[in-house]
Amino acid sequence: MDNLDVSITGQDTICINFTTTVAPTSGGTWTSINPNIATVTNNGVVTGLSSGTAMLYFTSNTTGCSSENINITVRENVDLTISGPNEIGIGETTTVVSGTSGTWLSSGPAIASVDNNGIVTGN
């Protein structure tokens, strides 16, 4: 095997239907040894399809040599439910529930915040 410089430029662990990126993004062909777990485009975009570990390698167009394998872990998505109203006003609350343990984080904390108990407050 040639010593091609390949790397995971995004996350090395993703959920089903999420993406991450690997490099290089040109000059060859990416291949997933486990395409039922994750696919990869020649632009280096990896998409998770089912839980497990997908091994990827890159083949150079110039030399025809391939890189060592790199691994991307794909995890099951977390099931979430709302146990209260799905629309709230400023100062009102609702609760989100997950079947697994973890940390809650709002992607829009100026709009709604969430505490570690899943209590969402409209801001």
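Buried means under 20% relative accessible area, exposed means over 50%, and partly exposed lies in between. The legends below use these terms for a predicted model.

**View 1**
C15 has a relative accessible area of 27%, so C15 counts as partly exposed. C65 is partly exposed as well, because its relative accessibility is 29%.

**View 2. S67, a buried residue in a loop.**
S67 sits in the loop that runs between β7 (52-60) and β8 (70-75). Is S67 buried or exposed? The relative accessibility of S67 is 0%, so S67 counts as buried.

**View 3. S67 and V6, residues 61 apart in sequence.**
The view shows this pair of residues, S67 and V6. Their separation in space is 7.0 Å, taken from C-alpha to C-alpha.

**View 4. An open sheet of four strands.**
The strands of the sheet follow the order β1-β3-β6-β5, with antiparallel pairing. Which strands lie at the edges? The edge strands are β1 (7-8) and β5 (38-40), and each of them pairs on one side only. In general, strands of a sheet pair through backbone hydrogen bonds, and the pairing is either parallel or antiparallel.

**View 5. The pairing of β5 with β6.**
Strand β6 covers residues 45-48. β5 and β6 pair in the antiparallel sense, over three bridges. Which residue in β6 is the bridge partner of V40? The partner of V40 is V46.

Technical notes
Residues are numbered from 1 along each chain as its sequence is written. This is a predicted model: local features need pLDDT of at least 70, side-chain atom pairs count only at pLDDT 80 or more; totals for chains, interfaces and linings use all residues. Side-chain values use heavy atoms; hydrogens and water are left out. Helices (H or I, at least four residues) and strands (E, at least two) are DSSP runs, numbered from the N terminus. Buried means under 20% relative accessible area, exposed over 50%, partly exposed in between (1.4 Å probe, protein chains only). Two strands pair if DSSP finds at least two bridges between them.
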